Amino acid sequence: MVELRLHRELYAAEAIAAALEIYAPHAEIELGDEAAYQVVRVRAATPERERRVAGEFGNYALGTTVRGRGGER
């Protein structure tokens, strides 16, 4: 299992939800809350796939957050 801890000040909740919708078909993804973090746990058939899906999930969520805040020019 790979665990991502996404700080609420950096990642928009809507972006995390969008990433979940996109990557759920590729791995078992569980969301949790811990104080200032949204915790994402990724389980897949192999450790390599877990790392890949978790990395892509985080990148997608961050990119979507930045675009939503007007960061893309």
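Biologist: Leaving aside residues up to four places away in sequence, which residues does H7 touch?

Modeller: This is a predicted model, and in it H7 has its place in strand 1. A polar atom of the H7 side chain lies 3.0 Å from the backbone nitrogen of E9. Once residues up to four places away in sequence are left out, the residues that H7 touches are A36 and Y37.

Biologist: In what order do the strands of the sheet stand?

Modeller: The sheet is open, has 3 strands and is paired in the antiparallel sense. Strand 1 (2-7) and strand 2 (28-34) each have a single partner strand and stand at the edges, so one side of each is left without a neighbour in the sheet. From one strand to the next the twist averages 20 degrees. The order of the strands is 1-3-2.

Biologist: At about what angle does the direction of helix 2 stand to that of strand 1?

Modeller: Helix 1 (residues 13-23) lies across strand 1, strand 2 and strand 3, running at about 160 degrees to strand 2. Helix 2 (residues 47-68) also packs on the sheet, where it touches strand 1, strand 2 and strand 3. Its direction makes an angle with that of strand 1 of about 10 degrees.

Biologist: How many nonpolar, polar and charged residues does the contact of helix 1 with helix 2 have?

Modeller: The two helices pack at an angle of about 140 degrees with their axes 8 Å apart, which makes helix 1 oblique to helix 2, and their crossing is right-handed. Helix 1 brings A15, I16, A18, A19, L20, I22 and Y23 to the contact, and helix 2 brings V53, E56, F57, Y60, A61, T64 and T65. Sorted by class, the contact has 11 nonpolar, 2 polar and 1 charged residues.

How values were computed. Residues numbered from 1 in each chain as written. Predicted model: local features only at pLDDT ≥ 70, side-chain atom pairs only at ≥ 80, totals over all residues. Heavy atoms only, no water. Pairing = 2+ DSSP bridges. Helix = DSSP H or I, 4+ residues; strand = E, 2+ residues; numbered from the N terminus. Axes fitted to C-alpha atoms, helices over the stretch in contact; angles between N-to-C directions. Contact = heavy atoms within 4.5 Å. Parallel < 35°, antiparallel > 145°, perpendicular 65-115°, else oblique. Left-handed = near helix turned anticlockwise from the far one by under 90°. Nonpolar A, V, L, I, M, F, W, Y, C, P; charged D, E, K, R; others polar. Polar contact = N/O pair within 3.5 Å; in protein donor to acceptor, adjacent residues only side chain to side chain.
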